[in-house]
Amino acid sequence: MTDLKALALAATPGPWMLLSVGDDDKNIAVCDEMGVSLLTVTSEGDVNFAAVYEDADAVYIAAASPDAILKLLEERDRLREALEMLQKAMTEGHQEAYNN
């Protein structure tokens with residue numbers, strides 16, 4: 001998997017916000033916390049147009065695809081479960097030692 005940390009550090013710092021721009025909900029922008037547009041999506045009829053203004057942001061957005069995020073979340077869940085099992089084993093071990 002691409003090194004998301006390095007790509008995130010190279011991208012425009014967050015937090016990022018999603019804003020509706022223009023007169024309808026068909027035009028959106030992703031902005032930084034200062035309101036500077038990082039990505040704009042507009043619709044003309046049935047066609048959507050998008051522009052990402054910084055190469056590092058585009059590379060990060062592509063790397064942080066849903067499959068990459070799902071893999072990270074699966075790994076987090078697996079590690080969390082392993083930690084909970086270790087904590088439970090340690091607690092049970094301390095209780096057993098205390099009772100003896």
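Which residues form a nonpolar patch on the surface? In this predicted model, the patch consists of Ile-69, Leu-70, Leu-72 and Leu-73, with about 320 Å² of accessible area together. Residues are numbered from 1 along each chain as its sequence is written, and side-chain values use heavy atoms, without hydrogens and water. Local features need pLDDT of at least 70 and side-chain atom pairs count only at pLDDT 80 or more, whereas totals for chains, interfaces and linings use all residues.

**Confidence**
- The protein chain has a mean pLDDT (the predictor's confidence in each residue, from 0 to 100) of 88, and 90% of its residues reach 70 or more.
- Confidence is highest in helix 2 (residues 55-63), at a mean of 94, and lowest in helix 3, at 88.

**Surface patch**
- Nonpolar patches join side chains of Val, Leu, Ile, Met, Phe, Trp and Tyr within 5 Å, from residues with over 30% relative accessible area and no salt bridge.
- Leu-73 lies in helix 3 (residues 66-99); helices are DSSP runs of H or I with at least four residues.
- Leu-73 has a relative accessible area of 34% and is therefore partly exposed (between 20% and 50%, with a 1.4 Å probe and protein chains only).

**Aromatic pair**
- The structure holds 1 aromatic pair (ring centres within 6.5 Å).
- Trp-16 and Tyr-60 form this pair, 6.1 Å centre to centre with 85° between the planes, which is edge-to-face (over 60 degrees).
- The pair links distant parts of the chain, 44 residues apart: Trp-16 is in the loop between helix 1 (4-10) and strand 1 (17-20), and Tyr-60 is in helix 2.
- Trp-16 is partly exposed because its relative accessibility is 28%, and Tyr-60 is also partly exposed, at 24%.

Conventions: Patch = residues over 30% accessible without salt bridge, like charges linked within 9 Å, V, L, I, M, F, W, Y side chains within 5 Å. Areas by Shrake-Rupley, 256 points an atom, 1.4 Å probe, with all protein chains shown as cover. Salt bridge = Lys/Arg side-chain N within 4 Å of Asp/Glu carboxyl O. Helix = DSSP H or I, 4+ residues; strand = E, 2+ residues; numbered from the N terminus. Phe/Tyr/Trp six-rings, centres within 6.5 Å; stacked < 30°, edge-to-face > 60°.
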